[in-house]
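The sequence and the model are shown below.

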Amino acid sequence: MNEPFIPHSRPALGEAEAKAVAEVVRGGWVAQGRQVAAFEQAMAKVTGQAQGVAVSSGTAALYVALMALGIGAGDEVVIPSYVCTALWHAVRLTGATPILVDIEPATYDPSPQAVTRVLTRHTKAVIVPHMFGLPADIETLKSHGVPVIEDCAQTLGVTVRGTSVGGTGKLVICSFYATKLLTAGEGGMVLGRDESLMSRVQTLRQYDEEDALVRAFNYKMTDMQAALGLCQVARLEDFLARRRTIAARYHEAVREAGLTPPWVPAGLEHGYFRYVVRLSGPVGPALDRARSLSIGCRRPVFRPIHRYLDLSGFPESDAAWERALSIPLYPALTDHEVDRIVGALPAILAG
Ligand SMILES: Cc1ncc(COP(=O)(O)O)c(C=O)c1O
């Protein structure tokens, strides 16, 4: 019997989410309102920041965060190459130049040494994504004195030596895309504790009813999205627990295949947004084997940015692109689906 295809990701949506969105619709106030304000407060608690400003996507959050820092033409912003291209687009949109750096092979986070090497007097910010659920080394990256924008699109709710991830950057951004750790369908947020920066973010988010004709957009989130997001925040602990239970099952199968489970440095927790295994050979055949077993594995990053730009000098990003495999791991996986994936791992990882 052919088993149904297990997608690489899928949101965990239930009756609570359906009811919360329906209530907003019935209430008649669907644009930015009380639900958005409550979602901003809830996310400030999750990250340990003082204040949040909800926007329409993670990319919009990155853009307004950069704009709030006054970044524009002639400035440089450091970003890793091995990441979603949203970072590159957001920096380009400000007129600044993205400066790419390589990653740490074990954590996939930007290499602090590589960041040190590219800093110049034009560097105005470093965007640091916490990749795949594992917090990056923010303290070392902050020590350069350049503002750090923490990108929590892939990592939320885990602690770093007792502090919430997202609690230390000058500004923090989140994404609430359908398959992120928490979803609002689409959406994003900028969080921080510097009141003047946050007030600039607020001004940029909406153009309406301002005293002056200052630069502003419409990047608002709706109350329907925020109501959905709030339900998901209430489930974050359960989501993380489920992710860790599934990860523990995968660890065993990965070790049995002679490979190494994702590395977790001492003092850190992993949120397993993605379960990434480094293969001993190219990832393409493993993707094909998974597909033939009706399992949607993927490259965890579609393509490193330097490869779009035909640049060289990013060996760790290249190695990750060639050999890293992302195995489906999300709270909406049923026990039967987890069993099927565990059962298929020896064949997928073979060779
Ligand atoms: C690390 C990171 N930052 C930012 C984004 C952009 O978020 P959005 O898709 O909500 O614009 C993503 C999206 O996948 C991401 O992975």
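## Aspartate 310 and the loop between α11 and α12

Aspartate 310 sits in the loop that joins α11 and α12. The model is a predicted one, and in it aspartate 310 has a phi near 60 degrees, a positive value in a residue other than glycine. Most residues other than glycine have a negative phi. The relative accessibility of aspartate 310 is 72%, and the residue therefore counts as exposed, the cut-off for that class being over 50%.

A second residue with a positive phi is tyrosine 108, for which the angle is near 70 degrees. Tyrosine 108 also belongs to a loop, the one between β3 (97–101) and α5 (112–118). Is tyrosine 108 buried or exposed? With a relative accessible area of 7%, tyrosine 108 is buried, since that class covers values under 20%.

## Nonpolar surface patch

Four residues, Phe302, Tyr308, Leu309 and Leu311, make up a nonpolar patch on the surface. Together they have about 410 Å² of accessible area. Phenylalanine 302 is located in the loop between α10 (283–292) and α11 (305–308). Its relative accessible area is 62%, which places phenylalanine 302 among exposed residues.

Arginine 307 and aspartate 318 form a salt bridge in which the closest N and O atoms are 2.6 Å apart. Because arginine 307 lies in helix α11 and aspartate 318 in helix α12 (residues 315–323), the pair ties together parts that are 11 residues apart in sequence. Arginine 307 is partly exposed, at a relative accessible area of 31%.

The pair belongs to a network of salt bridges that links Arg307, Asp318 and Glu322.

## Other salt bridges

How many salt bridges does the structure hold? The number is 12. One of them joins the side chains of glutamate 269 and arginine 244, with an N to O distance of 3.9 Å. Glutamate 269 is in the loop between α9 (236–256) and β10 (275–278), whereas arginine 244 is in helix α9, so this pair ties together parts that are 25 residues apart in sequence. Glutamate 269 is partly exposed, with a relative accessible area of 30%, and arginine 244 is partly exposed, with a relative accessible area of 30%.

A further salt bridge connects the side chains of lysine 19 and glutamate 23, at 3.9 Å from N to O. Lysine 19 and glutamate 23 are separated by about one helical turn, because they are four residues apart in helix α1 (residues 15–27). Lysine 19 counts as exposed at 53% relative accessibility, while glutamate 23 is partly exposed at a relative accessible area of 45%.

## Ligand site

Which residues are around the ligand? They are Ser57, Gly58, Thr59, Cys84, Ala86, Leu87, Asp151, Ala153, Gln154, Ser175, Lys180 and Gly187. This shell divides into four nonpolar, six polar and two charged residues. Helices α3 (58–68) and α4 (86–94) each supply at least two residues of the shell.

A polar backbone atom of glycine 58 is 2.8 Å from an oxygen atom of the ligand. A polar side-chain atom of threonine 59 lies 2.5 Å from a ligand oxygen atom, and a polar side-chain atom of serine 175 lies 2.7 Å from a ligand oxygen atom. On its own the ligand has 390 Å² of accessible area, of which the protein covers 87%.

## Two partly exposed loop residues

Serine 56 is in the loop between β1 (51–55) and α3. Its relative accessibility of 24% makes serine 56 partly exposed. Serine 56 and leucine 213 are 157 residues apart along the chain, and their C-alpha atoms are separated by 22 Å.

Lysine 170 occupies the loop between β7 (163–164) and β8 (171–175). With a relative accessible area of 40%, lysine 170 is partly exposed. The C-alpha atoms of lysine 170 and phenylalanine 39 are separated by 20 Å, and these residues are 131 residues apart along the chain.

Terms used: Residues numbered from 1 in each chain as written. Predicted model: local features only at pLDDT ≥ 70, side-chain atom pairs only at ≥ 80, totals over all residues. Heavy atoms only, no water. Patch = residues over 30% accessible without salt bridge, like charges linked within 9 Å, V, L, I, M, F, W, Y side chains within 5 Å. Areas by Shrake-Rupley, 256 points an atom, 1.4 Å probe, with all protein chains shown as cover. Buried < 20%, exposed > 50% of the residue type's maximum accessible area, 1.4 Å probe, protein only. Near = heavy atom within 4 Å. Polar contact = N/O pair within 3.5 Å; in protein donor to acceptor, adjacent residues only side chain to side chain. Nonpolar A, V, L, I, M, F, W, Y, C, P; charged D, E, K, R; others polar.
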